[in-house]
Amino acid sequence: MNTNQTKQAANAAFKKQEEGSALMYRLFDEAGQYKDIVPLGRGDPDFDTPSHAIEAARQTMLHHADEYSPPEGILALREAIAQRVKAHNGIDIDPATEVCVTNGGVEAIRLMNLTALNKGDGLLFPEPNYNSYRDSLRFARGLLQPVLCESEDDFRIRPERMETAITERTRAMLLISPGNPNANVVSPEDMEAMLDIAIRYDLLILADDIYDTFIFDDFVHATAAALPGGKERTLTLNAVSKAYAMTGWRVGWVVGPADLMARFKQLKQALSGGSSIVKQHAALAALTGPQDSSHMMTEVLTKRRQLVLDALDEMGLPYGIPQGGQFLFADVSGTGMKDVDLAFKLLHEGHVLTIPGSCFGAPNENYIRIAFLTSQENLQEGMRRFKVVLDEVRGNG
Amino acid sequence: MFVDNRQNKRTVIFGFIRAEKTILRQISKLQIHGLSKEEVITRMAKSRTIDAILQRHVINDLLLAPALMPIGSSPKDLSADQPTMPLDPAIVDYVTERLQAGETHYVDVPGMPALRQVLAEHMQSAGLSGIEIANVLVTAGMQETRFLSIQTLGTLLGPVALPEVVHPGARKALGIRPLEATSPLPTDREAGFLPTIAGIRQALENGAKVLVLESPVRLTGAAYGAEAVAEIARLAVQHQAAVIWDQGMAPWVDGYRSIWHEPGMEEQAVVLGEAFPGIGLEPLYIGYVVSNPDWIKKISRDKQAISICTSTTDQLCATKAAELFPTLHEQQYQTLAPFHQQAVAALNGMTLAGDSVNVVAVGLSDIMAAPALRRSGFGFADGTDFGVRGVIRLSVTPDNAIADTLELLK
């Protein structure tokens with residue numbers, strides 16, 4: 001494929017993605033009319049922010065609300081982040097120069113793309129993938145280079161496919177693990193292979209570990225920046241949103257080598273400047289305080305995941321095994337309905353909110369994303385209604 | 001534009017030393033992992049990709065526009081462009097209660113409806129008629145506000161015109177993804193660096209489609225009078241250009257005139273500012289954008305793409321602060337006004353034209369006065385960072401801080 005064809009394909013992919021994002025938000029809007037909606041759509045944990053984080057916010061409002069934060073975030077939070085990534089991911093970070101706090105994970109995504117990519121630079125992009133990455137890549141005027149992952153493979157990102165997709169425009173690869181919406185966890189062996197590719201072709205790695213707290217069964221989470229030769233070329237994102245049920249607080253971070261982080265900080269300064277002192281202290285408390293809530297969430301999500309898998313088995317719907325995260329991607333091609341049509345039917349007839357795979361780019365029209373971020377009772381009810389609608393579609397109703 | 005590179009050079013030197021120590025640590029780590037010398041060399045080889053990134057960064061003048069020193073970094077800091085105060089306990093109690101009730105999740109992209117509503121009501125009470133919730137977007141502070149408005153409107157409409165003297169954040173917002181820009185709008189020192197009407201007219205005739213204007217000017221507090229505002233609006237309508245109007249310091253100007261009042265500006269103006277300034281929200285970074293609903297939707301789309309939504313906690317603070325703003329702001333204003341007068345009188349002709357009671361801009365005849373002031377522990381906003389040498393901005397505070405600064409300047 002020559003450069004023009006590549007650009008045309010990328011532009012087409014972007015246009016489809018804009019439609020996909022609009023579709024997702026249309027579903028959220030239309031779901032609002034149903035009081036008995038079962039929300040299996042949005043990635044917003046139904047747990048509470050830890051109480052000690054709320055207390056930290058209160059204390060900050062009372063005693064420190066006249067303190068301003070530098071754009072890279074308060075030092076205490078950066079130190080806590082450095083400890084967290086060391087303990088959890090094995091990444092050695094200097095909090096003075098190699099961390100930047102952001103207004104949530106999505107701002108971190110935008111800044112990572114702007115740091116790493118210039119106009120026309122290619123990003124190896126495993127599909128299916130989270131739409132915010134497309135939005136940010138488009139803003140950076142980068143080139144989307146898709147790498148297909150398949151449900152038969154549990155959406156594994158195959159290193160050989162990544163390597164085959166490399167062109168003279170490629171500058172970076174995107175590794176989200178666990179993935180969204182596909183829930184794949186990049187194995188330690190595959191991560192080594194990816195890093196080897198990155199070194200041989202002199203690529204950067206944009207790593208997203210935001211779901212790294214939630215790893216199921218015997219799967220093992222690995223991160224490129226912890227491997228020999230990885231840190232120098234990897235920007236790694238995380239946030240308190242998922243691990244601590246703090247989606248509304250908007251606190252994330254990126255860690256990386258000092259030279260790239262210096263550029264990252266300049267971009268942060270240009271995009272939003274400093275971040276609220278109150279939410280930073282709340283995030284600090286979440287990271288350094290008792291971790292019971294996070295452990296409890298993992299146990300509960302493990303049970304809910306199994307409930308959904310059992311229900312899908314009963315319905316005869318195949319899926320990629322969710323190895324981590326908070327969603328799964330179910331294959332609905334056997335229903336005879338397109339994903340969008342099925343999602344709207346589920347919404348308006350079953351009052352169940354799911355997200356059609358089309359929202360995550362082509363070629364995902366045969367899938368539906370199901371989140372297990374609502375109570376066990378709600379999940380059971382939601383999957384029951386799903387079956388009712390599916391039986392009707394199949395003529396069994 | 002003068003740029004003091006001495007701090008940059010020190011940073012580079014210390015960066016090299018730190019980088020060397022990092023490299024030695026990395027080599028020993030690789031060798032511990034059993035890699036051969038050749039493998040170590042391959043892995044440690046300088047990355048051309050990273051070099052290219054860093055070189056590209058160096059040539060982006062707009063993005064590298066000097067940033068203001070962080071507020072609070074000097075022992076006697078008079079650098080803020082908004083006064084502040086401790087948060088009222090009523091705000092703290094309200095927010096804590098809402099957080100404990102579970103309001104810690106994602107909220108609407110353009111902002112919590114309650115906050116958008118009180119912002120719309122506040123605008124209405126300030127004389128900006130016809131503003132409803134659909135005209136209002138909440139942001140994570142002024143810099144995000146600048147970024148969203150400049151990038152969205154610049155992409156949508158065409159060449160952007162910035163004043164030659166402007167908050168460095170405006171340059172950075174333009175430079176983060178460079179858009180087409182015109183020559184800077186000339187400003188009038190005698191008028192507190194307000195862009196001249198002639199310069200605005202020329203820029204529009206030369207094809208500018210987005211004017212970025214501060215009124216009051218962030219460096220001096222100077223604000224356009226009614227005639228000038230009307231003329232700017234007329235020119236913008238004539239040339240079908242948008243006006244991004246930073247009126248964040250407007251609450252500190254008696255008899256302020258917003259461009260929103262002018263015919264046609266409900267369709268072509270984008271009004272920006274900090275939410276309820278001066279009563280303790282400053283370190284929480286909450287801003288607003290007011291414009292026509294179509295542009296608000298477009299800017300919201302970009303807001304969603306960069307941060308999904310603004311922090312719930314900060315929005316709850318601002319929502320409660322709205323109730324207290326009229327009283328607390330009036331108290332602040334009446335407290336600062338006499339100190340502003342005293343400062344202007346004491347500076348005896350050194351001040352530049354300014355209408356905001358929260359700041360004074362001082363012209364320095366000695367170019368070394370500013371560094372000397374900084375070495376003495378005083379924080380101020382340096383005009384160099386805005387695009388002009390020999391001018392500093394001091395916050396007006398209800399104490400002797402400005403008097404102490406003046407002694408040093410004299």
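1. A word on terms to begin: two strands count as paired if DSSP finds at least two bridges between them. Please keep in mind that this is a predicted model.

2. With that in hand, look at the open sheet in chain B, where three strands run in the order β10-β13-β12 with antiparallel pairing. Its edge strands are β10 (359–363) and β12 (381–382) of chain B, each of which pairs on one side only. Between β12(B) and β13 (residues 391–395) of chain B there are two bridges, in the antiparallel sense. Ala381(B) sits opposite Arg393(B) of β13(B).

3. A helix joins this picture: α15 (residues 401–409) of chain B packs on the sheet and touches β10 and β13 of chain B. The directions of α15 and β13(B) make an angle of about 155°.

4. Stepping back to chain B as a whole, you will find 15 helices and 13 strands. Of its 410 residues, 57% are buried. Among contacts between residues at least 6 apart in sequence, 73% join residues at least 24 apart. The accessible surface of chain B is about 17100 Å², and carbon and sulfur atoms account for 54% of that surface.

5. How many disulfides are there over all chains? The count is zero. Cys309(B) is in no disulfide either, and the nearest cysteine sulfur to it, that of Cys317(B), is 15 Å away.

6. Are these two cysteines buried or exposed? Cys100(A) is buried, at 0% relative accessibility, and Cys309(B) is buried with a relative accessible area of 1%.

Technical notes
Residues numbered from 1 in each chain as written. Chains lettered and ligands numbered in written order. Predicted model: local features only at pLDDT ≥ 70, side-chain atom pairs only at ≥ 80, totals over all residues. Heavy atoms only, no water. Helix = DSSP H or I, 4+ residues; strand = E, 2+ residues; numbered from the N terminus. Buried < 20%, exposed > 50% of the residue type's maximum accessible area, 1.4 Å probe, protein only. Contact = heavy atoms within 4.5 Å. Areas by Shrake-Rupley, 256 points an atom, 1.4 Å probe, with all protein chains shown as cover. Disulfide = S-S within 2.5 Å. Axes fitted to C-alpha atoms, helices over the stretch in contact; angles between N-to-C directions.
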